[in-house]
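Q: I am new to this structure and would like to learn how to read some of its features. Could you take me through them one at a time?

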Amino acid sequence: MNLTENAIKVLKKRYLAKDENGNLLEDPEGMFRRVARTVASADKEYVSEEELKSIEQEFYDMMVNLDFLPNSPTLMNAGRPLGQLSACFVLPIEDTMEGIFETIKNAALIHKSGGGTGFSFSRLRPKGASVNSTGGVASGPVSFMKVFNAATEAVKQGGTRRGANMGILRVDHPDIVEFITCKKNNADITNFNISVGITEEFMNAVENNEYYNLVEPHTGKIVGKQNAREIFDLIVDMAWNNGEPGIIFLDRLNKDNVTPELGEIESTNPCGEQPLLPYEACNLGSINLSNMLKYVDGKPEVDFAKLRTTVWKAVHFLDNVIDVNKYPLPEIDKMTRGTRKIGLGVMGWADMLCKLNIPYNSQSSIDLAEKIMHFIQDESRKASMELAEKKGVFPYYDKSIYKNLGIRVRNATTTTIAPTGTLSIIAGVSSGIEPLFAISYIRNVMDNDELVEVNPVFKQVAKEEGFYSDELMRRIAKKGSIRGFDEIPEWIQDVFVTAHDISPDWHVRMQAAFQKYTDNAVSKTVNLRNEATRKDVADAFWLAYKTNCKGITIYRDGSRDLQVLNIGKVK
Ligand code: ADP
């Protein structure tokens, strides 16, 4: 297998099966074989033994060639006792002490199995509201978020992953100001990403500079008013301060809710790409776009034939995962098998663009993004329709919009763009749809490990063009970007743009391009330079709103002490 050193390190540390003394029981090929066999076994009742073998081989080849990888829990747990294969969960939080602590317990079980959890705290009564049973007063959503946070800290993913949570509060909740500012200090509530649940009503009020109502969730009473612009500016200020909170457009999530009869979507998973109903889980997988090229007369172009077959196999794979998955709770089992949502996305997008000599911040790349994602969306839908013919539609089909449309699909959704934080390390490519973060840099992976990386596509081009030297790479690593390096041809400087060379609007436009053809949502961080102003942040938020994104997360370089990626540190 063609794995980078970093990939091997990551796999050994967390993914490969070990005995109780920590000795490895498998190599990477062995891991992919275990995963392929387990996932293929869902077809046992549908095909002959011979066909089953060839399905297993298809799955295996797709992973070993790094054309497609399923989300981390599938790689870690398939064919092993835990057997929990999904990355994304959403749990409801009821406004009762029993309900709150039941959810904390359930979240702990999910974290133990490597999954991430999202919650809306919007149903909890605000701070100071009375509690009938005790005659006391409620302590409010933020105080309970701290309890969830502490529980996550204690569980630490049973040795596989740290816990990850999303906390959401509706913008019309009376405690919204406390929520928006609850992570002002970098050291607080560290196991959560937080997002404000924005409504259309709120955005209209911001546009018209109006007040909007704050509503007590447990009584439905209007208990106050806020100036919408003041709240918007506060969100912007905090996001500028250290990247939190993000915002999600709740009404948009629900406009695209394909099973509205089953309930309202109130939260996403931790990184924001997967809106789900309460108790729903989803398994994700990503196609490595960097491998979806062919060379005609020495010139690279997108290999749509290969992309098509990869999409079909990936949909088959992810659909099978639903059947062989062991769910942590009976409620999750029922919901997840009921809607059969899968989330196929991409990684290696920036690498693909570099290979095609297309700058990320250009109209050509936006056009190509739409073309590719449109293609993936269409093909994944077709693949799901074919599966429905063979194996039936998803059980809650009658409660879905597809029934009226007369479209028979096996999966309520098929596409999601995940961050691919670890998957992209395993595949050795750029993550998700993000631009290159730096041409060379140090990456903090999994707790405190640091890894040095030089972008392999750049390395190759530098060698081909004859300007490669270790000394130059070291100088580049100090800066991250190759802008202004005289020894590097200008066209290469244009193509190998890094996140901070790209103005925020291109980041947002790229997110919007992929969102246009994605059922679920898109994980994207709009990276801003340290000098970026609050207005830059506000502009990015507005552009995300105007271009139909489902939410937005920004991060201003250096605004938080602990960064996942650091430019300018050379080991
Ligand atoms: P990976 O590359 O490991 O498959 P991603 O970075 O694509 O994961 O994240 C996908 C989703 O997986 C996240 O949105 C979240 O739901 C879940 N996830 C990621 N990291 C963690 C973690 N440390 N603990 C729990 N869940 C996680």
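Q: Which residue forms a salt bridge with Lys391, and how far apart are the closest N and O atoms?
A: A salt bridge is a side-chain nitrogen of Lys or Arg within 4 Å of a carboxyl oxygen of Asp or Glu. Here Lys391 is paired with Asp43, and their closest N and O atoms are 2.6 Å apart. Lys391 lies in helix α14 (residues 363-391) and Asp43 in the loop between α2 (28-40) and α3, so this pair ties together parts that are 348 residues apart in sequence. This is a predicted model, in which local features need pLDDT of at least 70 and side-chain atom pairs count only at pLDDT 80 or more, while totals for chains, interfaces and linings use all residues. Residues are numbered from 1 along each chain as its sequence is written, and side-chain values use heavy atoms, with hydrogens and water left out.

Q: Are Lys391 and Asp43 buried or exposed?
A: Buried means under 20% relative accessible area, exposed means over 50%, and partly exposed is in between (1.4 Å probe, protein chains only). Lys391 is buried, with a relative accessible area of 13%, and Asp43 is buried as well, at 2%.

Q: Where do Lys390 and Glu386 lie?
A: Helices are DSSP runs (H or I, at least four residues), numbered from the N terminus. Lys390 and Glu386 both belong to helix α14, where they are four residues apart, about one turn of the helix. They form a salt bridge whose closest N and O atoms are 3.6 Å apart; Lys390 is exposed, with a relative accessible area of 59%, whereas Glu386 is partly exposed at 36%.

Q: How do helices α3 and α11 pack, and at what angle?
A: Axes are lines fitted to C-alpha atoms over the stretch in contact, and angles run from 0 to 180 degrees between N-to-C directions. Helix α3 (residues 49-64) and helix α11 (residues 304-324) pack at about 110 degrees, with their axes 11 Å apart. The two are therefore roughly perpendicular to each other, a term that covers angles of 65 to 115 degrees.

Q: Which residues make the contact?
A: Contact means heavy atoms within 4.5 Å. On α3 the contact is made by Ile55, Glu58, Phe59, Met62 and Met63, and on α11 by Thr310, Lys313, Ala314, His316, Phe317 and Asn320.

Note on methods: Parallel < 35°, antiparallel > 145°, perpendicular 65-115°, else oblique.
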